[in-house]
Amino acid sequence: MTLLDHNPTPDAASAGDEIFVYVSPDDPRVLPLLTDLEREYDARYGDVFEEPASVEINRYPAAEFSAPRGAFVLLLRNGVAVAGGAFKTLDEHTTELKRIWTAAEHRRRGLARRVVLELEDESRRRGFTRSYLTTGPRQPEAVRLYRSAGWTPLFDEDLPPERIGIHGFAKSLTSEPLDIADIRARHEAEHASPTPSPSSNGASS
């Protein structure tokens, strides 16, 4: 089941005692997600991007991940968050997925994929036609997840991950083909800085 603003929806996804709930980014149940993401990214990247992960995690105000501009979803199991993620508005047609996360003890069970699919569905429900996201060069499991979920890489897949740096992906949410040139140009413009920070997109599935 999915709760949108605490109201069930008919097309909600369910799995036994698990439920998707859309919450405010400052909901206390979000804190373990953000804390774990910060620990994970600091462990993986150290000072590669010349700033701690907390800078990226706190880069955007809560309003960016709240309706109508965005969304923050948690997958609860018996009331405890086991996975989650969010999106913000990139432009009038595009959501940008962020904060994809699975609790360490629940990984390798497809939960991150379910979160991504739920955020895609919510983007469609809001009228968006495509989604965009980034992940880092030291998150191969995230790269595999997005490839397998039908996301289009915006980088040269023949290059080694460290040369690519920030890995951008995009996906059409409709039957219309993805405008690769446009979304790639947006990606390249956003990450033109010599030391971009890694996006807090999930390193787990």
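This is a predicted model: local features need pLDDT of at least 70, side-chain atom pairs count only at pLDDT 80 or more; totals for chains, interfaces and linings use all residues.
**Exercise 1.** Find out where Glu-18 sits, whether Glu-18 is buried or exposed, and which side chain makes a polar contact with the side chain of Glu-18.

*Solution.* Start with the element: Glu-18 belongs to strand S3, which covers residues 18–22. Next, look at accessibility. Glu-18 has a relative accessibility of 7%, and buried means under 20%, so Glu-18 counts as buried. Finally, look for its partner: the side chain of Arg-114 lies in polar contact with that of Glu-18, at 2.6 Å.

**Exercise 2.** Describe how helix H3 and helix H4 pack, and work out which class their angle falls into.

*Solution.* Begin with the geometry. H3 (residues 111–125) and H4 (residues 140–148) have axes 11 Å apart, at an angle of about 50°. Roughly parallel needs an angle under 35 degrees, and roughly perpendicular runs from 65 to 115. The angle of about 50° therefore makes H3 oblique to H4. Then name the residues that touch: H3 contributes Ala-112, Arg-113 and Val-116, while H4 contributes Leu-145, Tyr-146 and Ser-148. Sorted by type, the contact has 4 nonpolar residues, 1 polar and 1 charged. As for handedness, the crossing of H3 with H4 is right-handed.

**Exercise 3.** List the buried residues of H4, then say what covers them and what follows the helix.

*Solution.* First, the buried residues in H4 are Glu-141, Ala-142, Val-143, Leu-145 and Tyr-146. Second, their cover includes helix H1 (31–45) and H3, together with strands S6 (94–102), S7 (130–135) and S9 (167–172). Last, Gly-150 follows H4 and has a positive phi, near 90°.

How values were computed: Residues are numbered from 1 along each chain as its sequence is written. Side-chain values use heavy atoms; hydrogens and water are left out. Helices (H or I, at least four residues) and strands (E, at least two) are DSSP runs, numbered from the N terminus. Buried means under 20% relative accessible area, exposed over 50%, partly exposed in between (1.4 Å probe, protein chains only). A polar contact is a pair of N or O atoms within 3.5 Å; within protein, one must be able to donate a hydrogen and the other to accept it, and residues adjacent in sequence count only if both atoms are side-chain atoms. Axes are lines fitted to C-alpha atoms, for helices over the stretch in contact, and angles run from 0 to 180 degrees between N-to-C directions. Angles under 35 degrees count as roughly parallel, over 145 as roughly antiparallel, 65 to 115 as roughly perpendicular and the rest as oblique. A crossing is left-handed if the near helix is turned anticlockwise from the far one by less than a right angle, and right-handed if clockwise. Contact means heavy atoms within 4.5 Å. Ala, Val, Leu, Ile, Met, Phe, Trp, Tyr, Cys and Pro count as nonpolar, Asp, Glu, Lys and Arg as charged, and the others, Gly among them, as polar.
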